[in-house]
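Please keep the sequence and the model at hand.

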Amino acid sequence: MQAVTWGGNPLQVNLSTLPIPEILDSTDAIVKVSLSAICSADIHTYNGAYEDKEVPWVMGHEALGIIVEVGNSVTSFSIGDKVVVPDQGLNGDQDEDLSTAELLGLGLGSGFYSTTGCQAEYVRVPFANDNLFPIPSQVDNGSSKSLVENIDIDYLLASSIFATGWGALDLAGYQPGDSVAIFGAGPIGLMAVYSAILRGATRIFFVDGDLQRLSIAEGLGAMPIDLRYSDPTAKILRQEPDGVLRSVDCVGIEAANKLQLREDKVLQNMTAITKVDGGIGRLGKFQANSSSTSPWQFLLPTFQVAMSGLFKKGPRVRSGAIDSAFIAPQLIEMISKGKAKPSFIVSSIIGLNQAPQFYERASQHLETKVVIKFPSL
């Protein structure tokens, strides 16, 4: 089979020929991938955010496909089922103290907290009963093949990016009807905007320096603030004198605008514009190249903030990774009922052989979201 692999060299991924994976444990399933995608975590790997001696590995941690083989203990799925492979943390049956090498041995790939490397024609999914989600059967109403493929892309995005944007709001303690400021115009930031709209936000501010992505957010209904020309704190407080109830840092400002590290400044801004007893959520940390061999290094936020501001307002502050597995089923149901269509964010649909070219484009912020389409069975 063909797969996109990373060999440890920054700014380089390869197309590799690998053996088709086999059932190794009774809880495994083999999925023939129909759709995968390039995610922010893949770009961090591509850019050399961390090194690891256990290479090469298959890139990617989100997929949609058809089950072609199951282990004897897989009772929730059958051959022929169409499923989403979500980006998720280790479940309760797995050892949280596994080394990086052992994680890769499970096939966890570059999505360092994922179930498998998904930019391949076939993937082995451990603990399939828990790590796969079924796609609702579609009633044959004469829909064209292209419409079916479009909704499949919606389901694919529920596996990671849509769920992460949704969960970013939860970190801040979001409730329907809240006002919210979202910092960072990466694809996750855009999904956070979309999620806030779906969840009934009264007002949404979107802060970044990338004009194209600010325009996308404005089209969704958010108020864009271009930090190249405006002080986001002053502009938000003019509209909301007491501040917003929730603020979220989706760690996209540095990436989308090629700015120097600004995480201290972003947190200061969020503290300044969040209401008393409001909520602040932060996804991960701002990324710089690192020689760390730990894939968890990406998830360890380090920043400085004046405690006097936090003490005065007493906001809830949470930071961490989002486990998509807890959110994906709800989003899949919304998509099946026509209540959500996150595929608007996709900028390109490509074939597997185009992946190296589009990794470069995504790294240069010329794409919002790239979907890889695989040949059908």
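Helices here are DSSP runs of H or I covering at least four residues, numbered from the N terminus. The model under discussion is a predicted one. Helix α5 spans residues 161-171 and contains both Phe162 and Trp166, which lie four residues apart, about one turn of the helix. Both of these residues are buried.

The sheet may be considered next. Six strands form an open sheet with parallel pairing, in the order β11-β10-β9-β12-β13-β14.

Helix α6 (residues 187-198) lies across β9 and β10 (203-208), and runs at about 175° to β10. Helix α7 (residues 211-220) also packs on the sheet, where it touches β10 and β11; the direction of α7 makes about 175° with that of β10.

Five aromatic pairs are found in a search of the whole structure. One of them joins Trp6 and Trp57, a tilted pair with 5.4 Å from centre to centre and 40° between the planes. This pair links distant parts of the chain, since Trp6 belongs to strand β1 (residues 2-6) and Trp57 to strand β4 (residues 57-58), 51 residues apart. Trp6 counts as buried at 1% relative accessibility, and Trp57 is buried with a relative accessible area of 6%. In helix α5, the rings of Phe162 and Trp166 have centres 6.2 Å apart and planes at 80°; the pair is therefore edge-to-face. Ring pairs link Phe162 and Trp166 with Tyr194 and Phe344 into a cluster.

What surrounds Arg124? This residue is placed in strand β7 (residues 122-125) and is buried, its relative accessible area being 9%. The side chain of Arg124 is joined to that of Asp28 by a polar contact of 2.9 Å. The C-alpha atom of Arg124 is separated by 9.9 Å from that of Ile67, a residue 57 positions away along the chain.

Finally, the cysteines may be examined. With a disulfide taken as two cysteine sulfur atoms within 2.5 Å, the count comes to zero. Cys39 is buried at a relative accessible area of 9%, and Cys118 is buried at 0%.

Technical notes:
Residues numbered from 1 in each chain as written. Predicted model: local features only at pLDDT ≥ 70, side-chain atom pairs only at ≥ 80, totals over all residues. Heavy atoms only, no water. Helix = DSSP H or I, 4+ residues; strand = E, 2+ residues; numbered from the N terminus. Buried < 20%, exposed > 50% of the residue type's maximum accessible area, 1.4 Å probe, protein only. Polar contact = N/O pair within 3.5 Å; in protein donor to acceptor, adjacent residues only side chain to side chain. Pairing = 2+ DSSP bridges. Contact = heavy atoms within 4.5 Å. Axes fitted to C-alpha atoms, helices over the stretch in contact; angles between N-to-C directions. Phe/Tyr/Trp six-rings, centres within 6.5 Å; stacked < 30°, edge-to-face > 60°.
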